[in-house]
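Good morning, colleagues. I would like to speak briefly about aromatic rings and their neighbours.

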Amino acid sequence: ALFRMLPSLSRVLSGISIINMYKKTLDMVHIEFKAEIESQKLGAKINFNKSIELKNISFQYLETDKQSLSNINIKIEKGDKIAIFGESGSGKSTMMDVLIGLHLASNGKFIIDGVEINSDNIVRWRKNISFVPQKVVLFESTVKENIVFGKEYDEKLFREVLEDVYMYDIVMSKGGIEAKVGDEISGFSGGQLQRLAFARALYQERSVLFLDEATSSLDEEVENKIMYKILSKYKEKTIIAIVHKEAIADKFGKIIRLKDGKNC
Ligand code: ADP
Ligand code: MG
């Protein structure tokens, strides 16, 4: 009888070792779920009614021997439409990361409506903004969840932001709002995924919109159409966009030019 039980015993043992192996992962996830969300802890959003300023901002990445930004001075008024233009490696993304509070500058001041931004209040500034990064991040989930992104579902707004990026008909033709984003079957192209990330940023209805080459993988015609629509429709929003084409930059009210980490 013992001999017959041996295979089961070995299965039990291997089961126990699998449980032990996954327990660590489960503990890590559990800790994450228990953690307080930083933004809930740190109070209301910082008022933004006038201006965003960078004064003598410098920034250097760890383990590099060169400043990626040196003595940047810019002032952006509320409602401005700003294009950031410059060669690759000139510091555009780094400057945007300072503006959205991903990097704290090593020198200089970052000021919103006269209030200096530091590590204590940066989270409260972020509540004013939405950001479309250069590399799109979408979840293995539905179009709807990717765009609503924690907010309540509002059908009218949802449709509107998809139409802003000319994606409503495409989404409908690929299985509707419940279509899976990463799915081979729905088969969204890279440029279409980028437009979904753009729609998500609009859905959040923040007063400041940051775009880091948010339309870089679109063909020129679609890119033009979308930028034109966003700039003419969202007059009250402050829009700060890193753009690659001079023709697109010209549609903006102001252009900030960067060269080797300096504004010129
Ligand atoms: P852009 O967006 O204009 O192409 P970046 O802001 O990405 O330029 O980069 C500016 C400079 O900082 C470049 O010299 C780049 O090599 C450097 N850099 C960017 N990110 C990092 C990083 N994470 N670590 C070290 N150096 C970086
Ligand atoms: Mg960049």
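I shall take the ring pairs and then the charges placed over rings.

This is a predicted model, in which local features need pLDDT of at least 70 and side-chain atom pairs count only at pLDDT 80 or more, while totals for chains, interfaces and linings use all residues. Residues are numbered from 1 along each chain as its sequence is written, and side-chain values use heavy atoms, with hydrogens and water left out.

The search of the whole structure gives 6 aromatic pairs. Rings of Phe, Tyr and Trp (its six-membered ring) pair if their centres lie within 6.5 Å; planes under 30 degrees apart are stacked, over 60 edge-to-face, and the rest tilted.

One of the pairs is Phe59 with Tyr61, edge-to-face, at 4.9 Å centre to centre and 85° between the planes. Phe59 is buried, at 9% relative accessible area, whereas Tyr61 is partly exposed at 30%. Here buried means under 20% relative accessible area, exposed over 50%, and partly exposed in between (1.4 Å probe, protein chains only).

Phe139 and Phe149 are stacked, 5.8 Å centre to centre with 20° between the planes. Both count as partly exposed, Phe139 at 42% relative accessibility and Phe149 at 40%.

Which residue lies over the face of Phe149? That residue is Arg200, 4.2 Å from the ring centre. Likewise, the charged end of Lys174 sits over the ring of Phe188, 5.8 Å from its centre. The criterion is NZ of Lys or CZ of Arg within 6 Å of the ring centre and within 35 degrees of the ring normal.

Finally, one aromatic cluster comprises Phe48, Phe110 and Trp125.

How values were computed
Chains lettered and ligands numbered in written order.
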